[in-house]
Amino acid sequence: MTTKNQDKVRKSSKFNNYLSIVLSFRNEEEVLPELIRRLRKVLLAEQTKNAIGGYELIFVNDVSTDRSLEILLSEAHNNKDIKIINMSRNFGVSPCVMAGMQYAKGDVLVYMDTDLQDPPELIPEMLRARNEQKADVVHTKRKSRDGESRVKLLITKLGYFILKKFSSIDIQPETGDFKLLSRRAVDHLIQLKENRPFVRGLINWIGFKQTTIEYNREKRSAGKTKFPVFGKKVISNFFNSALISFSDAPLKLASFLGFLMSTGAFFFLIYVVVKKILGHNLPGWSAIMVTMLFLGGLNLLAIGILGLYVNSIFIETKKRPNFIVESTFGFDNDEKHEKRLS
């Protein structure tokens, strides 16, 4: 949907305080029917109370291979609230969320996961927090996380600690991908053309008034998690999107370690020279080898850290789009042919 068309929709009284829900998913056939039922129940109640002027459910399909798309089309058959964006290939959660934001026409937008760990019943409270505090962003902070192992909780806590300690933005611990954004915040976000976007970080980066509400996160409704804590996608997203994008701490750490080792080596050299002058030989083949291996490993660590930043620069300079939309369903002036967006 073009910016001009979006502006026309927002100016219409029919869509006053219109709410867009963006849901990125891949292979969630077991969850989708219950998710849609609960979302409709909550949103229709809010519409009845005139808390919202209407709503749309934007499902961004990251090339599901199960019956997810079939289920959505069936649910949308007699109801115009469901809209679908099909990606041309598997791009990942963040690009899919950004695609949903570009198509959304709401004055207010909520983006969330489809696994029902984040309850749709919290949306009315998010809307109230936004209205009462005149906030452009409402974060949701987890007080508890049911159904997750101690190892995952520990790793997650460590990740948030590292980001909070070393990143250039203030990312609150336990605030995940369940947020409410104003139209102003969304418009600024979709202007950003970063590759490997870290949406949580970008939302904090744009500023504006932001507030937080707390909730208890539920266990997964059905199916298996798509993001195991030691999975490749999780690790890659943390280093390439989260830490590298918002922190130069790894480079500073490498420089500090290099300076520390160089200083130690200099004083050790003085020690060796003094011993030699005094006529003492220093047998120490093992010590020399250990020192060489240690310094060699340190050099490789520094080169590896530098390589992450060089790779990030390389990807940004290519200026490839973050996603390509294969087709859409349910939008005004629907385009069935391939559509490329940056």
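The chain has eleven helices and nine strands, where helices (H or I, at least four residues) and strands (E, at least two) are DSSP runs numbered from the N terminus. The model is predicted, so local features need pLDDT of at least 70 and side-chain atom pairs count only at pLDDT 80 or more, while totals for chains, interfaces and linings use all residues. Residues are numbered from 1 along each chain as its sequence is written, and side-chain values use heavy atoms, with hydrogens and water left out.

**Chain as a whole**
- Of the 342 residues in the chain, 45% are buried; buried means under 20% relative accessible area, exposed over 50%, and partly exposed in between (1.4 Å probe, protein chains only).
- Taking contacts between residues at least 6 apart in sequence, 80% join residues at least 24 apart, contact meaning heavy atoms within 4.5 Å.

**Helix H4**
- Ten of the eleven residues of H4 are buried, so this helix is largely enclosed by the rest of the structure.
- Among the buried residues of H4 are Cys96, Val97, Met98 and Gln102.

**Cavity**
- The whole structure holds one cavity of 30 Å³ or more; on a 1 Å grid over the protein atoms alone, a cavity is a set of points where a 1.4 Å probe fits but cannot get out, and lining residues have an atom within 4 Å of a point.
- The largest cavity has about 30 Å³ of space, a volume being the space filled by probe spheres set on the points, with grid points joined across faces, edges and corners.
- Its lining consists of Ser24, Val93, Val97, Tyr111, Met112, Asp113 and Asp177.
- Helix H4 (93–103) and strand S4 (108–112) are the elements that give two or more residues to this lining.
- By type, the lining residues are four nonpolar, one polar and two charged (Ala, Val, Leu, Ile, Met, Phe, Trp, Tyr, Cys and Pro count as nonpolar, Asp, Glu, Lys and Arg as charged, and the others, Gly among them, as polar).

**Packing of H2 and H5**
- The axes of helix H2 (residues 32–48) and helix H5 (residues 123–133) come within 10 Å and cross at roughly 40°; axes are lines fitted to C-alpha atoms, for helices over the stretch in contact, and angles run from 0 to 180 degrees between N-to-C directions.
- That angle makes H2 oblique to H5, because angles under 35 degrees count as roughly parallel, over 145 as roughly antiparallel, 65 to 115 as roughly perpendicular and the rest as oblique.
- Leu39, Val42, Leu43 and Glu46 of H2 meet Ile123, Pro124 and Leu127 of H5 in the contact.
- Six of the contact residues are nonpolar, none polar and one charged.

**Gln210**
- Gln210 lies in strand S7 (residues 210–217) and, at 24% relative accessibility, counts as partly exposed.
- Beyond its neighbours within four places in sequence, Gln210 is in contact with Val137, His139, Ile203 and Asn204.

Conventions. On a 1 Å grid over the protein atoms alone, a cavity is a set of points where a 1.4 Å probe fits but cannot get out, and a pocket is an open set with protein on both sides within 12 Å along at least five of seven lines; lining residues have an atom within 4 Å of a point.
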